[in-house]
Amino acid sequence: MANSDRVVLALGGAGTVGSGIVKALLDKGFKVAVISRDSSRLEKLQSFVSPNTKDNLTTIVGDVGSEDGAEKAKQALLKAVGKVTDIVSSLGFSWWQGGPPHTQSLKDLHWVIETLLFSTFVSWKAFFPLVRDDSSCTYTFITGGAGEKLLMPGTGFLTVGAASTLAFCQVLREEYPEVPCKLNQVKIDAGVSTPERMAPGYLNHLDLGEGVATLVERRNTSHTVFTINSPADLKNILLERNL
């Protein structure tokens, strides 16, 4: 199947990580669909991608964080693009630094879990059936490494939320070992930023996007976790190891 015949649903595609992935997929000739609750972020995304690829980008205003919202978004998606061949979810990669646990409320913890885990689960449950039984389809999770360590003081709830997302991805790999769809995870143990906000050790979201787009394009691995700690890892693990 040529890239031009493939339709990628990019969950979280309007965010920093997701926008780099969307641009790279479009540049490789894929058709891409992005769902977001915020129409202004979708407009910003349309301005960000390469001008000659805009016609291959479909944007839909919707909420994939609730079961009803995800189902409505799925129906709108299928009406707009007809089919989905690949899914990339960067919903489990986010940032939070609200302070140490004793200064936080249950509402704060619930918000972090809802943002990182609940949206990842609800969207997976809604959209995975679209690609599950086809070996030429892919589902790729983008997660952070915060679930394995406290990144810095005040990010404790981020660790809790990220750990739950990592555990969910592990559960999927082990609960569905024989699923035909290529099920993979890219775990990023580094910051990700746009070029103008780069800091030492950070990944450029455009470079990350190229790496993830290459993984989706090749479809030659499944049930694999790709751990990225640095820009060098991005090149060695995603771009070269998959050749």
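**Notebook: aromatic cluster and overall build**

I began with the rings. Phe 121, Trp 124, Phe 128, Tyr 139, Phe 141, Phe 168 and Tyr 176 form one aromatic cluster. I note here that the model is predicted, and that each value below is computed from it.

**Entry: ring pairs**

I looked up how many aromatic pairs there are, counting two rings as a pair if their centres lie within 6.5 Å. The count comes to eight aromatic pairs.

I then took one of them, Phe 128 with Tyr 176. The ring centres are 6.3 Å apart and the planes stand at 65°. Edge-to-face needs planes over 60 degrees apart, so Phe 128 and Tyr 176 make an edge-to-face pair.

Where do Phe 128 and Tyr 176 lie? I found Phe 128 in the loop between α4 (106-127) and β5 (138-144). Tyr 176 is in the loop between α5 (156-175) and β6 (182-188). The pair therefore ties together parts that are 48 residues apart in sequence.

I checked the cover of both residues, with under 20% relative accessible area as the cut-off for buried. Phe 128 has 3% relative accessibility, so I list Phe 128 as buried. Tyr 176 has a relative accessible area of 33%, so I list Tyr 176 as partly exposed.

Next I looked up Tyr 139 and Phe 141. They form a tilted aromatic pair, with 4.9 Å from centre to centre and 35° between the planes. Tyr 139 is buried, at 0% relative accessibility. Phe 141 is buried as well, at 3%.

**Entry: the whole chain**

I turned from the rings to the chain. Its secondary structure comes to seven helices and nine strands. Along the principal axes, the C-alpha atoms fill a box of roughly 50 × 40 × 40 Å.

What is the radius of gyration of the protein chain? I read 17 Å. A compact globule of 243 residues would have a value near 18 Å, so the chain agrees with that rule.

I looked up how much of the chain is covered. Buried residues make up 51% of the 243 residues. The chain exposes about 11,200 Å², and carbon and sulfur atoms supply 52% of that area.

I also looked at contacts between residues at least 6 apart in sequence. Of these, 74% join residues at least 24 apart.

**Entry: charges**

How many positive and negative side chains does the protein chain have? I noted 24 positive and 25 negative ones. The centres of the two sets lie 2 Å apart.

Conventions. Residues are numbered from 1 along each chain as its sequence is written. This is a predicted model: local features need pLDDT of at least 70, side-chain atom pairs count only at pLDDT 80 or more; totals for chains, interfaces and linings use all residues. Side-chain values use heavy atoms; hydrogens and water are left out. Rings of Phe, Tyr and Trp (its six-membered ring) pair if their centres lie within 6.5 Å; planes under 30 degrees apart count as stacked, over 60 as edge-to-face and the rest as tilted. Helices (H or I, at least four residues) and strands (E, at least two) are DSSP runs, numbered from the N terminus. Buried means under 20% relative accessible area, exposed over 50%, partly exposed in between (1.4 Å probe, protein chains only). The radius of gyration is taken over C-alpha atoms; the globule rule is 2.2 Å times the number of residues to the power 0.38. Contact means heavy atoms within 4.5 Å. Accessible areas come from the Shrake-Rupley method with a 1.4 Å probe; for residues, only the protein chains shown count as cover. Lys and Arg count as positive and Asp and Glu as negative; His and the chain ends are not counted. The place of a charge is taken as NZ of Lys, CZ of Arg, CG of Asp or CD of Glu.
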